[in-house]
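This report looks at one structure through its aromatic pairs, a central strand and its salt bridges. Please read it alongside the sequence and the model shown here.

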Amino acid sequence: MRTFLAHVELANPITTAAGCAASGRELAQFFDLHRLGALTTRSITMAPRAGRPTPRMAETPSGMLNAVGLQGPGIDAFLERELPWLAQRGIKTIVSIGGGTVAEYSELARRLADAPGVTALEVNLSCPNIEDRGRVFAREGSAAAEVIASVRSIMRYDVPVVAKLAPDVADIVSVARACVDAGADALSMINNPLGMAIDTEALRPSLAAVTGGLSGPAILPLAVRCVWQVHAALPGVPLIGIGGVMSGRDAFQLVLAGACVVGVGTALFHDPYACLRIERELEDLLRARGFQRLADAVGLAHRPPGSAPRHLLVDSEESTP
């Protein structure tokens, strides 16, 4: 089950999705966090944020809407209390960051560049660019690339920079390519697509913010499609597949589409052991299908029907005189 996120080795491919496990203390009440491939923190911002007004979560068929608004203590408190707690325990940690300007992302990267315990840096590009009429960075390749180039120029070379992409774009491949060209070492997809629900009793939107991010099983096909398209275009780029993963079979779909790491999010809200269960189910599926390594399944669905898994191809080549 070993995998690699750029040059960083992970014991298994399962991580938490940003915003779904805070900074780990809650999950640590249930199991040893070392059993995760990595823990992804909530998106850290420069200043503390109270988040959006309530109600900010609503159930939908096969999922949920949320408009939490990057609630968090800010970078100072994160560096003082949360990151040291993870670093002291040796937990592999993907730190997610979010900002409203390129300068904010740059400053967050600068503050984290020498901080111990940062395994990788995930750049949440689904934040509104307050310097460009609130346009989301992830929706334009040039805006996303500017953020990634700035962060990559500041972050230590041994810490992979991961661009987190949104599906609400005309061409996710072009945005992905722009991020990679700007220096992204890996890509994470998908962030939540925007959705909306209306309370038919109150006759008002269900969320105070009107719209919110849609998550849960409903978005798995969207995540699989995005991972498939980007892996087909950029097969050498490590991908974190996120969106609607509730079981090992769901994770297996993303792996076959091209993901080498899989994020678990909404499932954690009703099952704090979801990551462990999904990792176990995925391992059982791989073993049942004769895979010797997780890596042999990554992107396998792109190969022609009837072609052998990678390890079988290698074995047959080695046995050829």
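Phe 30 is partly exposed, with a relative accessible area of 39%, on a scale where buried means under 20%, exposed over 50% and partly exposed in between (1.4 Å probe, protein chains only). The model is a predicted one, in which local features need pLDDT of at least 70 and side-chain atom pairs count only at pLDDT 80 or more, while totals for chains, interfaces and linings use all residues. Residues are numbered from 1 along each chain as its sequence is written, and side-chain values use heavy atoms, with hydrogens and water left out.

Rings of Phe, Tyr and Trp (its six-membered ring) are taken to pair if their centres lie within 6.5 Å, with planes under 30 degrees apart counted as stacked, over 60 as edge-to-face and the rest as tilted; by this rule there are four aromatic pairs. One of them joins Phe 30 and Tyr 273 in an edge-to-face arrangement, 5.7 Å centre to centre and with 80 degrees between the planes. Phe 30 lies in the loop between α1 (25-28) and β4, and Tyr 273 in the loop between β18 (261-264) and α8 (274-288), so the pair ties together parts that are 243 residues apart in sequence. Helices (H or I, at least four residues) and strands (E, at least two) are DSSP runs, numbered from the N terminus. Tyr 273 also counts as partly exposed, at 41% relative accessibility, and Phe 30, Phe 31 and Tyr 273 form one aromatic cluster.

## A buried aromatic pair

The ring centres of Tyr 105 and Phe 137 are 5.4 Å apart and their planes stand at 90 degrees, so this pair is edge-to-face. It links distant parts of the chain, with Tyr 105 in helix α3 and Phe 137, 32 residues apart from it, in the loop between β10 (135-136) and α4 (141-154). Both Tyr 105 and Phe 137 are buried.

Five of the five residues of strand β7 (residues 93-97) are buried, so the strand is largely enclosed by the rest of the structure. Thr 93, Val 95 and Ile 97 point one way from β7, whereas Ile 94 and Ser 96 point the other way.

Strands are said to pair if DSSP finds at least two bridges between them. β7 pairs in the parallel sense over four bridges with strand β4 (residues 39-44), where Ile 44 has Ile 97 as its bridge partner, and likewise over four bridges with strand β8 (residues 120-124), where Val 123 stands opposite Ile 97. Together with helix α3 (residues 102-113), β7 and β8 make a right-handed β-α-β unit; right-handed means that, with the strands pointing away from the viewer, the path from the first strand over the helix to the second runs clockwise.

## Salt bridges

A salt bridge is a side-chain nitrogen of Lys or Arg within 4 Å of a carboxyl oxygen of Asp or Glu, and the whole structure holds 11 of them. Asp 76 forms one with Arg 111, the closest N and O atoms being 2.7 Å apart; because Asp 76 lies in helix α2 (residues 75-88) and Arg 111 in helix α3, the pair ties together parts that are 35 residues apart in sequence.

Within helix α3, Glu 107 and Arg 110 lie three residues apart, about one turn of the helix, and form a salt bridge whose closest N and O atoms are 2.5 Å apart. Elsewhere, the side chains of Asp 271 and Arg 277 meet in a salt bridge (3.3 Å, N to O), and Asp 271, Arg 277 and Glu 281 are linked in a network of salt bridges. Asp 271 counts as buried, at 17% relative accessibility.
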